[in-house]
Amino acid sequence: MEISKVLQINVDYIKQQNNQNKDLVERNLYCAGNKICVLFLNEQADEVKINDYVIKPLLEEKKFIKTLNDISNTISIAETQEISTLDDCVKEILTGNAIVLVEGINLALKCAVAKNEHRSVIEPP
C-alpha cells in the first residue's frame, strides 16, 4: 500500500499490520507547524539514538518541513532512506529501524537505529 499524505491513515495501517503489538512505540511531535510521527519497536530499536538524534533535533527545528530531505538534513542519523510503501515501513520497523512520517508528505524516512546486540563469545560445552 502506498503511503498516504494523511498521517493517521499511515499510522493506523502500520499498527494494524503489527497486530496492535504493545512494543510498537508511536511518538507524535509537532515541530515548526508540522505533525510528525516516529514509529519503532521498543525492544529492537535504540531508544537513546531515537531521542538524541531524531526526536530532539526535530523538536529544535524552526523551519517548516516541506520534504523528507528537510528531515534528513535536520536529524543526526547517518543512514537514512526514503520509503514509498507502508509495507516497506512495516518491514523496516520489524528489523529494528525507526520510521518517520510527516502529515502532508506521501513518503517515509527510515532511520537506522537498530540495537546492536553484543553477545560474548563462549566455547560450547
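User: How many salt bridges does a search of the whole structure find?

Analyst: Start with the general idea. Side chains of opposite charge can pair when their charged atoms come close. A salt bridge here is a side-chain nitrogen of Lys or Arg within 4 Å of a carboxyl oxygen of Asp or Glu. The search of the whole structure finds four. Before the details, note that this is a predicted model: local features need pLDDT of at least 70, side-chain atom pairs count only at pLDDT 80 or more, and totals for chains, interfaces and linings use all residues. Residues are numbered from 1 along each chain as its sequence is written, and side-chain values use heavy atoms, with hydrogens and water left out.

User: Which residue forms a salt bridge with K15?

Analyst: K15 pairs with E26, and their closest N and O atoms are 2.7 Å apart. K15 sits in helix α1 and E26 in strand β1, so the pair ties together parts that are eleven residues apart in sequence. Helices (H or I, at least four residues) and strands (E, at least two) are DSSP runs, numbered from the N terminus.

User: Is K15 buried, exposed or partly exposed?

Analyst: Learn the cut-offs. Buried means under 20% relative accessible area, exposed over 50%, and partly exposed in between (1.4 Å probe, protein chains only). K15 has 24% relative accessibility, so K15 counts as partly exposed. E26 is partly exposed too, at 26%. For contrast, take K22, in the loop between α1 (7–17) and β1. K22 has a relative accessible area of 78%, so K22 is exposed.

User: Which parts of the chain does the salt bridge between E79 and K110 link?

Analyst: Their side chains meet at 3.3 Å, N to O. E79 is in the loop between α3 and β3, K110 is in strand β5, and they are 31 residues apart. Now compare with the cut-offs. E79 is partly exposed, at 46%. K110 has 7% relative accessibility, so K110 counts as buried.

User: Now the inside. Which residues of the largest nonpolar core touch the most other members?

Analyst: In soluble globular proteins, nonpolar side chains tend to be buried together. A nonpolar core is a set of buried Ala, Val, Leu, Ile, Met, Phe, Trp, Tyr and Cys residues joined through side-chain atoms within 4.5 Å. The largest one here has 23 residues, and I36, V38, L58, I71 and C111 touch the most other members. Elements giving two or more residues include β1 (24–31), β2 (34–41) and α2 (47–60). α2 gives the most, with four residues.

User: What does I36 touch?

Analyst: Contact means heavy atoms within 4.5 Å. Leave out residues up to four places away in sequence, and I36 touches L7, R27, N28, L29, C31, L58, I65, V100, L101 and V102.

User: Where do the buried residues of helix α4 fall, seen down the axis?

Analyst: First name them: L86, C89, V90, E92 and I93, in a helix that spans residues 86–94. Seen down the axis, they fall within an arc of 165 degrees, so they line one face of the helix. The arc is that of the directions from the helix axis to the C-beta atoms. These residues pack against α1, β1, β2, β3 (80–83), β4 and β5.

User: Which residue follows α4?

Analyst: G96 follows, and the phi of G96 is positive, near 100 degrees.
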